Amino acid sequence: MKIGILGYGNVGKGVCEIIEKNFDDIEIVHICDQSVDISLDKRFTQDNNVLLNGIDVLLEMIVNEEPAHTIIMNALNSGIHVITSNKATVAKYLDEFIETANKNNVQFKFEASVGGGIPWIQSLIKAKRIDKITSCKGILNGTTNYILDKMNKNHLSFNDCLADAQKLGYAEANPTADIDGYDVQRKIMISSAIAFSGIVPYKEFDRLSLANIQLEDIEYFNNKEFTIKYVGSSFIKNKSVYGSVEPVLFNNNHIFTKVDKNNNIVELVGDTIGTLSFVGQGAGRYPTANAMIQDLLDIKNGCNDNLAFENKIEMNKDDIMFEYIICSSQLSLNQDVFVSVENYKGRNIALTKPMTPQARNELMSMLKELDQYIFCIRKED
């Protein structure tokens with residue numbers, strides 16, 4: 001089998017290292033990256049057109065939608081299988097990629113786009129062969145989980161923990177995709193498309209930022225044996241789907257509270273299998289490279305996922321009700337939506353009556369006029 005590598009960063013180098021060490025029957029023909037010195041290795045190229053010459057499979061590991069989308073489409077239309085870790089491109093073009101792959105009798109595989117080395121996509125595909133999947137959710141971003149875990153254990157501020165995550169390479173210099181939830185938004189959309197056999201644009205999933213969390217919020221709930229985690233989730237109710245990315249409060253006996261550092265957890269619920277949970281490294285050179293190569297071996301062995309997105313998915317935001325906790329130093333105590341309000345170190349922490357996500361958004365918009373650093377948490381049932 002002859003392969004081409006697009007992207008020779010951390011993951012791309014891990015893929016090459018594992019293949020060269022373990023698989024004599026897989027030949028890396030081209031390695032394309034704009035930063036490589038083509039004089040150092042005959043396989044190196046900066047030409048995207050050269051990349052597709054004489055290969056059976058393209059492994060794509062760059063981060064932006066373009067040129068990834070164009071190159072992937074060119075590969076699929078040329079009869080070349082494609083494997084990718086690029087969640088941004090998968091989230092936006094998944095149905096187009098699958099349709100094009102099926103039309104050309106090749107495969108498009110994307111295990112590494114969600115959960116790093118966790119075998120999540122394949123587990124979803126296998127579970128739905130038997131079960132109707134009713135929900136999926138997870139801690140799907142190692143950066144935010146590291147920050148929350150460190151705040152909880154070391155009693156440090158959000159900004160201090162973010163700086164530490166950046167120093168360790170867990171967070172980018174611009175951490176917006178992580179802390180504002182765009183990364184998880186894409187991952188839960190991809191998961192939901194497979195779980196429910198239909199496409200909903202990832203922007204339709206509710207998203208609340210983690211950025212305004214304060215150490216006082218962490219401490220208050222820690223004293224009551226609760227933990228805040230940043231979670232992507234989706235579930236079916238009345239034949240429609242609700243999906244969100246938001247801070248969620250769990251009792252400390254919940255499995256999600258045991259997932260520490262930069263680890264991920266993701267779970268599904270099926271109507272006969274019940275709850276299945278998967279824990280592991282959600283990113284990094286070797287976990288993500290491992291997922292890429294697992295897809296490569298499946299293609300090599302003729303395993304076809306037979307994906308199709310035939311269901312028309314309607315989003316449900318009207319008859320879903322949750323209790324929320326609003327944290328603010330300037331919170332008005334007179335809102336009739338609050339069941340209770342407590343003060344901790346100058347931080348007012350208020351529990352709402354059950355309300356729809358839309359009502360929550362309206363409440364938050366109003367309260368932000370009083371406090372731009374207001375923070376909202378969903379209370380887990």
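Modeller: Helices are DSSP runs of H or I with at least four residues, strands are E runs of at least two, and both are numbered from the N terminus. The model is predicted, so local features need pLDDT of at least 70 and side-chain atom pairs pLDDT 80 or more, while totals for chains, interfaces and linings use all residues. Residues are numbered from 1 along each chain as its sequence is written, and side-chain values use heavy atoms, leaving out hydrogens and water.

Biologist: How many helices and strands are in the protein chain?

Modeller: The protein chain holds 12 helices and 16 strands. Its C-alpha trace spans about 70 × 45 × 35 Å along the principal axes. The radius of gyration, taken over C-alpha atoms, is compared with 2.2 Å times the number of residues to the power 0.38. For 381 residues a compact globule would come near 21 Å, and the 22 Å of the protein chain agrees with this.

Biologist: What share of the 381 residues is buried?

Modeller: Buried means under 20% relative accessible area, exposed over 50%, and partly exposed in between, with a 1.4 Å probe and protein chains only. Buried residues make up 54% of the 381. Contact means heavy atoms within 4.5 Å. Among contacts with a separation of 6 or more, 70% are between residues 24 or more positions apart.

Biologist: Which residues have the most contacts inside the largest nonpolar core?

Modeller: In soluble globular proteins, nonpolar side chains tend to be buried together. A nonpolar core is a set of buried Ala, Val, Leu, Ile, Met, Phe, Trp, Tyr and Cys residues joined through side-chain atoms within 4.5 Å. The largest has 77 residues, and those with the most contacts inside it are L58, F108, F110, W120, I213 and F221. Helix α9 (residues 182–196) gives the largest share of this core, 8 residues. Apart from it lies another core of 22 residues, including I19, I28, F44 and I293. Beyond its neighbours within four places in sequence, F108 has contacts that include I72, L76, V82 and F97.

Biologist: In what order do the 6 strands of the open sheet run?

Modeller: Strands of a sheet pair through backbone hydrogen bonds, either parallel or antiparallel. Here two strands count as paired if DSSP finds at least two bridges between them. The order is β3-β2-β1-β4-β5-β6, with parallel pairing. β3 and β6 (108–109) stand at the edges with a single partner strand each, so one side of each has no neighbour in the sheet. β1 and β2 pair over 5 bridges, and I3 stands opposite I28 in β2. Strand β2 (residues 27–32) and β3 pair over 2 bridges, with I31 opposite F44 in β3. Of the 5 residues of β1, 4 are buried, so β1 is largely enclosed by the rest of the structure.

Biologist: Which helix lies across β1, β4, β5 and β6 at about 165° to β4?

Modeller: Axes are lines fitted to C-alpha atoms, for helices over the stretch in contact, and angles between N-to-C directions run from 0 to 180 degrees. Helix α3 (residues 68–77) is the one running at about 165° to β4 (57–60). Helix α11 (residues 285–300) also packs on the sheet, and its direction makes about 160° with that of β5.

Biologist: Is T45 buried or exposed?

Modeller: T45 lies in strand β3 (residues 44–45), and at 9% relative accessibility it counts as buried. Its side chain reaches the backbone nitrogen of D47 at 3.0 Å. Leaving aside neighbours within four places in sequence, T45 is in contact with I31, C32, D33, V36, I38 and V50.

Biologist: Where is P67 placed?

Modeller: Most residues other than glycine have a negative phi, and most peptide bonds are trans. P67 is in the loop between β4 and α3, and the peptide bond from E66 to P67 is cis, with omega near 10°. E225, in the loop between α10 (215–223) and β9 (226–237), has a positive phi near 65°. K345, in the loop between β14 (338–344) and β15 (347–352), has a positive phi near 50°. E225 is exposed at 56% relative accessible area, and K345 is exposed at 57%.

Biologist: Which side chain makes a polar contact of 3.2 Å with that of Y344?

Modeller: The partner is E219. Y344 lies in strand β14 and is buried, with a relative accessible area of 18%. A polar contact is a pair of N or O atoms within 3.5 Å; within protein, one must be able to donate a hydrogen and the other to accept it, and residues adjacent in sequence count only if both atoms are side-chain atoms. The C-alpha atoms of Y344 and N105, 239 residues apart along the chain, are separated by 61 Å.
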